[in-house]
Structures are given as C-alpha cells and as structure tokens.
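Please look at the sequence and the structure below, and keep both in view while you read this briefing.

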Amino acid sequence: MMKTLRARFIISHVLPILIIVPLAGIALIYLLESQVLLSDLSDDLTERASIIAEAVSDQPELLQDPDLAGSYIARIQLDIEGEVLFLGSQGTLLATSDPLRRPEIGQLPSIEGIEDAVSGSPFVLVHYSWSSPNGIALIPVSDVNQQLIGVVGVTEKLDAAASQFGDLRRFIGISILAALILGVGLAFFLARRLERPLKSVTISVREIAEGHRVEPIEEKGPVEIQELIRSVNTLAADLRSLEDTRRRLLANIVHELGRPLGAIRSAIHTLRQVAIEDPATRDELLKGIEDEVIRLQPLLDDLAQLHGQVTGTVKLYRQSIELSDWLPPLIIPWRAAALDKGLQWEAEISKDIPAVSIDPDRISQVIGNLLSNAIKYTQGGSVLFSASSTSGETRISVSDTGPGIALGEQEQVFEPFYRSQGPRRFPQGLGLGLTIARDLVEAHGGELAISSEIGKGSIFTIILPQSTD
C-alpha cells in the first residue's frame, strides 16, 4: 500500500488526524468532566458535611457516644446520598452508614485527610477517574469553647454525576469520527488531484522513452507539478524538433545527393555504351562528372562541420589579425563573382580597425558563406561588403538588394536544415551554411545578426568583441 504516492499522501494527511483529533477529544472530555465535577461536587459535598456538622455541634454527645452517633446517622441517611461517618476528636471511627466499614468502629479508618480534619482544618477531595469518580468532605466540629469534639464526614461515589456527561461523550465521539471520515475523504480527493497530473507525466515520459510522439500536457496542479509538466513538454517539443530535423536532414540529403549522383550515373552509362571512341564527348562527360563531384564536396564539408560542432570537436586556432590588411585579398574572388553576374560591388573597409584574435580559416568560412548567399540570391542589384570598429566591437557586414527574408523567418534561417517555405531565398542546399556560420561566430564570443525586409534585401553582420582571447 505504501508503494504508491497516493497512498503515502493519504497517510501523511490522515495520520496526524488519527492521532491528534482523538487525543484532543479525550483531553476535552477529561477537562470538561474533571473541571465541572471537581467544582460542583466539591461544593456539594462541603455543603452536605457542613449542614450535618452544624446540627451535630448543638448535640456534642453524638460525637462522644457511638450508639447515639449510629442512631443519628440511621435517621439522616434517608436524606443524604453516599456515606456519612462520625469521627472522634482523635480521628477514630464512631459511626458510619456504610455496613462494610462498621468493623473499623473504634479504630482509625484509612481515610485520606483525617489528619487535617483532626487538626481543625476542613478537608475536601474529589478523585476523578474515567469510570468511577468519587469524593470526600471532612468538617471538624467544635464546642462552644472552640474545642474540637469530633469530625463529620460525607463520601460519595459520583457515578450518577459522571453519567450526565454520556451525551457529551457521544457528541464528541461522533464529531471525532466525522472529522476522521472528512479528513480521509479530503486526503483521498487531494491525492487523486495530485496523482492525475503525475500520472499524465509518467505516461508521457514512458511514451517518449519508447520513441512515440506525445502531445503537450495541460499544465495544472501545484506550482511544482506545473514546472515538472512544463519541463516534460519542453523535452517532448525538443525531441519532436530533433525528429523533424532528422527527417529534413534525410530528405535534404536524398534530394541533394540524388540529382548529382543520377547525372554521374547517366554519364558513366553513356561512357560505357557509346562515347568511348569520341574523345570530345568523353571529355565533356568526364568534365560533367568532375563538376558534379565538386558540387558534392561543399555538402560533405557542411555535414562534417556540423558533426564536429555537435560533438564538440571543433577547435579554434586563434591569431591576432589586422583586419584592414587581411580582408581585402580575402574578398577579391567574391568581387569577381559578383561582377561576373552583373552585380554592383562595393567594399568599405576602415583603416583603423584594431587587431582581433580570431581563427582566420573559420572567419573566412563565415564571410565566404555570407558573400556566396548574397551573390547567389541577388539579381541585377548590388552587394556591399563593409568592416568597421565602434564601441569596443568590430563589425563585418554583407548587404545585398536581393528578395529579402520575412520577419518570421529571420531566426529560422539559422536553424539546421531550414528551407524557406517561399520561392524567395534558401530553396536549395542542406540549410547548414548559416547555422555553421552563426556557431563559428559565437565560438569566437561574437554574434551574427540579421536585418532584412521583403523586396529590399538583407544585411548580415558579424559582431566580434575586440578582446576575444
């Protein structure tokens, strides 16, 4: 039973009630009965004994002659409940209404408080017990000269008085039982409410572990449970994203490798069948095969680069680079590519850029990716390359007048294998170039930012801190 969280939760709620409520009820009954009985019965016994003592004080011979004392007690017993006893001035028993105590006549009876009464002090005592409470009152009797002549006592078993609390006991008992039932019911209800979201989380985690796709769980319950559900939902979303990424990767690889491999296979088939004796055709086909293989190499490089970054094997080999001297020769091939496509080319490289500590091969890869995209997706417009330093940062920007990127896609273009839903940009390739570029820039402690507007082009900016050691 204790193996489930629900059982433990119920027990943790009910156990204090099972202990505290009964104890509180018992204590309440004891306090009410003992305090009320002690007060009322003490006063009642004292009053009875005082009345008898006052009557006896006018007849002192009653406390001197046992026969007279016995006769007197026999007469008043009809009006007095309990035991009535007369004691001499030394505390010996003269007479009693209790037949069981009569053998003690002439002796000092075993009654608590005799010493106090014989010394002249009234004594009243109520013994409270759960089953049979009882009380005793001893009142000294003095003559006209204030000399002690004896003691009058009244004792009583208080069963009748205690029985008056039967209804109270039953009421408190029923209240305790109702509290226990209510506590158990409330604990069960709360345990069920706590168990329900935890069970949903458990089922979702099990399905995730088994490789199933799970839908988001409704966030409800205590704050801690909501945080747990939120974490599981995040995990499930991440796994769905990874699964979608894996599927896109496979689809992209099949797409990107299928076309060149198909062309290569066709060329090889032609070479085997008809083109062996025609050197011109053979060279043309071999050149086509070589071109297709060359086109495949960047795809393999991107995959290798991504794998290295995921596994943490990419290392930076930093050098202190003067960008003002390093950048101009780096962008010369891209200038030629832009001009060959009929684009306007501009380059603005500040002469006072402080030296930065970078891995030149990695940063050149980033710059090459940005320039390649700008030239590829710009038709009849211009490409601007700029580099400057301001406010402790070095900025390298590539601007184009291409189709631009929608605001909703500007962060998505940095996701692995992302391909634009529209016809404007990034329709081809594995979608790894910008992902790798941003990762490399961030590895240098920098940032790769984007600013773009549909129909007006895009600006990609590499922001590097000037102190990157």
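Helix α8 (residues 323–340) lies across β7, β9 and β10 (393–400), and it runs at about 175° to β7; axes here are lines fitted to C-alpha atoms, for helices over the stretch in contact, and angles run from 0 to 180 degrees between N-to-C directions. Helices (H or I, at least four residues) and strands (E, at least two) are DSSP runs, numbered from the N terminus, while contact means heavy atoms within 4.5 Å. This is a predicted model, in which local features need pLDDT of at least 70 and side-chain atom pairs count only at pLDDT 80 or more, whereas totals for chains, interfaces and linings use all residues. Residues are numbered from 1 along each chain as its sequence is written, and side-chain values use heavy atoms, with hydrogens and water left out.

**The sheet and its helices**
- Helix α10 (residues 433–443) also packs on the sheet, where it touches β11 and β12 (457–465), and its direction makes about 135° with that of β11.
- The open sheet is formed by 5 strands in the order β7-β9-β10-β12-β11, with mixed pairing; two strands pair if DSSP finds at least two bridges between them.
- At the edges are β7 (344–349) and β11 (447–453), each of which pairs on one side only, and the twist averages 10° from one strand to the next.

**Pairing of the strands**
- Strands of a sheet pair through backbone hydrogen bonds, either parallel or antiparallel.
- Strand β9 (residues 382–390) pairs with β7 in the parallel sense over 6 bridges, with W345 opposite V383 and I349 opposite A387.
- Strands β9 and β10 run antiparallel and are joined by 8 bridges, and T390 of the pair stands opposite E393 in β10.
- These two strands, β9 and β10, form a hairpin with 2 residues between them, and S391 in the turn has a positive phi of about 50°.

**Nonpolar cores**
- A nonpolar core is a set of buried Ala, Val, Leu, Ile, Met, Phe, Trp, Tyr and Cys residues joined through side-chain atoms within 4.5 Å, where buried means under 20% relative accessible area (1.4 Å probe, protein chains only).
- The largest nonpolar core has 37 residues, and those with the most contacts inside it are L323, L327, I367, F385 and I462.
- Helix α9 (residues 360–376) gives the largest share of this core, 7 residues.
- Apart from this core lies another one of 21 residues, including L45, V56, A95 and I139.

Key
Buried < 20%, exposed > 50% of the residue type's maximum accessible area, 1.4 Å probe, protein only.
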